[in-house]
Structures are given as C-alpha cells and as structure tokens.
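Please look through the structure shown here, taking the sequence and the fold together. The paragraphs after it lead through a few of its parts in turn.

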Amino acid sequence: MSATDRIVATDRTVATDRTPQDLARERAHHDHCRTALTAMTDGAHEQVVVGENASASGADAEVLGYELRSRAKDMSELPEGPLFFGRLDFAGVRDSQVAGDHRGQSYHLGRLRISEHPAAPPLVVDWRAPVSRAFYRASAHDPQGVAVRRRFGWAPGSRGDSADLTGFEDELLGRGEGRNGPSALLAEEIERPRVGPMRDIAATIQPDQDELVRGDLAGSVCVQGAPGTGKTAVGLHRAAYLLYTYPQRIRRGGLLILGPNRTFLTYIAEVLPSLGETGVRQSTVDDEIARHPVRAVDTPAAAAVKHDARMAEVLRRALYARVALPAGSLAVVDGSYRRRVPLAELERIVADVREEAPPYAAGRERVQARVLALVRDQAERRSGTRTYAWLQRMGRQVRGFLDEVWPKVTPEEVLADLLAEPSSAAEGVLTDEERKALRWAKPPRSYRSARWSAADLVLLDELAGLIEHPEGYGHIVIDEAQDLSPMQARVIARRARFGSLTVLGDLAQGTTPWAARAWPALLAHLGRPDAEIIPLTTGFRVPGAVVELANRLLGSLRVDVPAARSLRTDGELRLLPVRDVAAATVEAARRALGREGSVGVIAADAQLPALRAALADAGLPVAGPDELGARLTLLPASLAKGLEYDHVIAVEPAAVVEAEERGPERLYVVLTRAVSRLDVVHSRALPF
C-alpha cells in the first residue's frame, strides 16, 4: 500500500485497497451530522423560548435571554457547507505510547462541534479543540500518536445537500509514511476558483500557520507575510481560536479586527461567521476615530507632519500649556468661617499632579480632591467630621480656582488653537517649514466651525486620549499594518493598553507616504516593542511564476524582507506588449471570462474611466470592487491590497509606478493579486 491512500468517488480512479463502502460510511456519517446540527439549531431556538418564560427576573433574566438569543442567532447564521474536512485515527495502546487519552479513538474535524446532545461524544470536533492540533502538526517523523490522517474532498451538492463528499486521502503517519508529494485534495482546496468573499482556510492550515493561530492570548505577535502566505487568514483564524479558547477574557475586553478600508472588510466579512463566530467588530482606524465628518484635505506636506510621531509631543505641550500655577491663595466660605489654602500649598498640589502625569481630566479631578482635602482637614480639626453634602458645597466654591489652574478643554479647542498658531507648542520639535505646513491658511472663527481633515481626526484622537483614556479591547488584529503612520499606530496602542495584538503585514506592500520600512519602530508606536516578528515566506496562493515576477521589484522597494517563494508550479503568466491598451484589455478580459473563476482588471486610478468605457462598449458586464460575486471586476490599484482574483489583468504597470511616491510598492501589490493566472498588458517599457 502506498504512503498516501486515496479513495475517491466511483467516477475517479481508486488507488487503495480500501473499499468503496468506506466512502459510503463517511457519507452516512455526514448525513447523521447534518441531522444533528439541525436538531442543535432547533434546540437553541427552543431554549430562547424556555429562557424567556423562566422565573429569572431583572438583570439575570436579561443576561440569560441575551445569551440564549445570541447562541440561537449564531447557530441559524452558520453558512452551508461541508460539516467536516478531516479525520484523525489515533493509534491503539500497542501501537503508540504518546496518544494519551485519545488512544484508539477516531475524530472527525470540522468548523464547529456537533453532537446529538451536550453530554454526548462529539460527532464532529471543533478545529480549535486541543485534540485537533495533531491534524495540522503531525507528520511521518512526528506522528503525535496519530495512526491515520484523513482529508476529505467535496463538490457542490447534487443531492439537495450543501456539498457532496467525493473522496478522501489517508496518510499512514503511524507507520512513518508521509506523502510522497503534495496532497491532491489539499491542492484542489487551495486552488479552488474564487468568486465572492474570502473563504476560511480551516481545512488547509499549514504547520507554521497553525503555530501562529494557536499562540497564547497574552503574547503579541507580528507576522511579516509575503504575498500568498495566508497572513490575513492566519489573523482571522487566530481571532476565532482566541474566542474559542479564552471566551470570558476575550468577550469581557472585546475583540477588534482592523483592516485598511471598507472594501477589504467587505471581502473578509464572512470568514469569522463561517467558523461559527459572529458579532466581532470589524473596522478601520478611520472608523474608530470618526468624531467628525472629513470636510478638508491636507496638502501632502501638512499630512506628512500631522502623521509624524513628533506630533504627540507637540499636542501634549499644547494641552498642558493650559495648566497654570495659581495666582494667589484660595479662600472658601464655610458658614461663618473663611478657610484659606495658602498659595504655596496650591502650587505644590498643581506641580505634584503635573509630575504624576495622569490623563488631563483625571489631573483636574486630583487637584480638586487634594484642595478639598486640605479644606476638610481644617474644618474637621475645628469641629469634627464633614458630610458628603458639605464636600459638594465646598467643591462648587473650588470650581473657579480649578478653571483658573486646570481648565476644562475639548480636543477640538486645543487643536484649533494649535493649527491657528503652532509656534510655541512646536518650538524645538518641528522645523520652521513644518510649522508653516501645519498652520491653517485661514483659521475658522471658532473651533465649532472648523473643517477637519482625515489627519486632523488622528490628532483629535491623540488629544482625546491625553484628556481621558479610551475604552480598550482584549485583543486587536491589525491587517496591512505596514501602512499605518506613527500617529495612527498610537490610536491603536491606546485601545490595547491592557490587551494584546496580532500585527499582520508586508513591508514590501507599504503604499502610504508614511508606510513603515522596518517593523521595530512601528511596533514601538503600537506599544509592543517586544512583540515577536515572525516571517511567512512560503506561499500557497500565488503561482510560482507570478511570485518570481513580483520579486524582481524587491530591489527597488528599500525594505529588508526575504524574497517570497511559492510551492505552486502551476499557474499562467503572460506578458502582452500592445499598441492599444484598452482594446487589448478587452480581449484579455473576454478570454479570461471563458475560463472558470473571478477576473480582476487592475490599473492606475486615472486609467479607470477609459477602461470602464471600453469594457462596457464591448458588452462585458463589469463590477466595482465592492460588488462581491461578480465575474469581472475593474478596480484601481489603490484599492487592490488584500483582495485576490483567479485571473488578474494588470494594465500598464509603468502608469501604476508613476502614479504616486510608493508606485513600485503599489505595483508589487497589483501583480500578487493573481491566484491562478496573470496577464500584464502594456504599451510602455515594463518597470521590472
């Protein structure tokens, strides 16, 4: 028998001594699992009804009802698809001394646990369960107690079900026999045509990916992932794993997924629900800080200054410049008494609180509390303990003094004053040219009428964080992190003060003017300078020929990253020199639509109107990047990051490179969006 046994449906070759009855038994088990899942869903809805009629009252009833309704909603929203993708057969006692409590047991693995009732043995084990680790980590050299690892093949359902089981492959790890080559079923799943949103990779997680997915909650990690290495999927599956493994800690603090833009978030939106996790907040940095609508556009010079890390010090100075030493002693009327706090005591209180550096609002409260403590001590030495109502009366008298030395402010007030005249706060921090770029050409009459830019919202969030700490998250997953500016990174750091981070990105794909060229500096701005940086360089998604083409650009990107490599030797690459770019693009699109899968036409932003008109005139229905599920999509290079298409038509690479400062990086992104085939249509010399 071969090291890898495979049995497939009867319309394919069978290369094993196992009988077709094995396939029939697996199909019957899947039918059984489908029935059990239906019962679980119905039971969840019944529990909601019972819970709502239960005798619990008040907050207990509200919490119980919310939890039951959430569980029922999660169960009902699970997407259709195969209920398991693998099986582990552990060796018996005589065959292995390392299988532990699982000796002689068999487990089907899927995207969620399925059982006939809560106390029953599982029909399907959740892929995140500890026992499932061996499915991803075991090998012929280290079988981890596994005798046989089985992978299943599926096809769209033809029997009224969501999927048909077409075959399986067995690896006899207990005999020390691994695969002689790549798994055919694994390759089929990875290379399956992509139309619509991103899919989960629970069935195809590789050992190095699994190690990242199952990392401890307390640790922060940075993944430097080359194109096609699955870094985004790793981050999303890590989020699902943490929700499963640390449910109370994560749900108490919350989990946040941050992407580069709404198009990207739409593309990844169905991954976590497909893994049984709903209700996770998926957002962008801009969404998190949207205090006001963006109604102004900065010059490139102004935006560069506002995103610079030095602005944190400038803003701190501008805020605390409002704190002043008292002008004289403080007198408080208490009935027939006038209680006086000496000037020296007041100066000491203000100086001490400044030295302690609490959030600005907390500092104001500390000054008030300490002044009132001195007044109370005077009163109690004379006539005994004072009541809370007395403290409130005294507090009202102290308020005028407080407004003098530590006034209430809003972020908008501080920033408006700074942008009107940045000289004093920026002295010694910014150059004269930078201060000039920062200054408003025409200040508004009041901060209330100010028109804020996108970069201004980042600065307002910094000031808001200096005034009062924002609520944080238990864990934040940040994708395309290399594009964050230092000030945007600080936005995230404030929300992760007591949590951990999963930082995902590729320095070679940094396309913003302030994109990081090395991870340590950015990790410091994120508040995690000690986060481990782990490279993923081996790709499974992008064909080898495409990766080799993209690697030609690395020398011009001024980042120190290892060259990507791909395990895929299939795929198709065509370099098409032409005279009429629009006509050639139409021809390439028509040819691509004759094959299976999604097609993405990607070009410099300025070229899109002409290309859209040419495609429409040719009668080709073309969609935008937000229209998931379309066969043919036209999108600008500026929105291509994180997306993928079976067939990519990259139009005029030279124009993409010339369009912006980080043009070579943008082109690197464009070329690596192809999952199976890449056409490069060009009338000018190629920039690689």
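**A walk through the model**

The buried residues of helix α12 are M311, A312, V314, L315, A318, L319 and Y320, where buried means under 20% relative accessible area, exposed means over 50% and partly exposed lies in between, with a 1.4 Å probe and protein chains only. Helix α12 is thus mostly covered, with seven of its ten residues buried. Residues are numbered from 1 along each chain as its sequence is written. This is a predicted model, in which local features need pLDDT of at least 70 and side-chain atom pairs count only at pLDDT 80 or more, while totals for chains, interfaces and linings use all residues, and side-chain values use heavy atoms, with hydrogens and water left out.

Taken as a whole, the protein chain holds 26 helices and 21 strands, these being DSSP runs numbered from the N terminus, with helices (H or I) of at least four residues and strands (E) of at least two. Of its 688 residues, 52% count as buried. Among the contacts in the protein chain with a separation of 6 or more, 74% are between residues 24 or more positions apart, a contact being heavy atoms within 4.5 Å.

Which helix does α12 pack against? Helix α12 (residues 311–320) packs with α16 at an angle of about 110 degrees, their axes being 10 Å apart; axes are lines fitted to C-alpha atoms, for helices over the stretch in contact, and angles run from 0 to 180 degrees between N-to-C directions. The two helices are therefore roughly perpendicular to each other, since angles of 65 to 115 degrees are given that name, while those under 35 degrees count as roughly parallel, those over 145 as roughly antiparallel and the rest as oblique. From α12 the contact takes M311, V314, L315, A318 and L319, and from α16 it takes V414, L415 and L418. By class, these residues divide into eight nonpolar, no polar and no charged, where Ala, Val, Leu, Ile, Met, Phe, Trp, Tyr, Cys and Pro count as nonpolar, Asp, Glu, Lys and Arg as charged, and the others, Gly among them, as polar.

Helix α16 (residues 411–420) also meets helix α19 (residues 454–467), and the axes of these two come within 9 Å and cross at roughly 125 degrees. That angle makes α16 oblique to α19. On the α16 side the residues in contact are P411, E412, V414, L415 and L419, and they meet D456, L459, L460, L463, A464 and I467 in α19. This contact has nine nonpolar, no polar and two charged residues.

Strand β8 (residues 255–258) is joined to β9 by three bridges, and L258 has S283 in β9 as its bridge partner.

I250 lies in helix α7 (residues 247–253) and is buried, with a relative accessible area of 1%. Leaving aside its neighbours within four places in sequence, I250 is in contact with L217, L242, L243, L255 and H475. Although I250 and H475 are 225 residues apart along the chain, their C-alpha atoms are separated by 7.0 Å.

A further open sheet has five strands in the order β17-β21-β20-β18-β19, and its pairing is parallel as well. Strands β17 (572–577) and β19 (632–636) stand at the edges with a single partner strand each, so one side of each is left without a neighbour in the sheet. Within the sheet, β18 (residues 599–603) and β20 (residues 645–651) pair in the parallel sense over four bridges, and V601 has I649 as its bridge partner in β20. Helix α24 (residues 608–617) lies across β18, β19 and β20, running at about 165 degrees to β19.

Conventions. Pairing = 2+ DSSP bridges.
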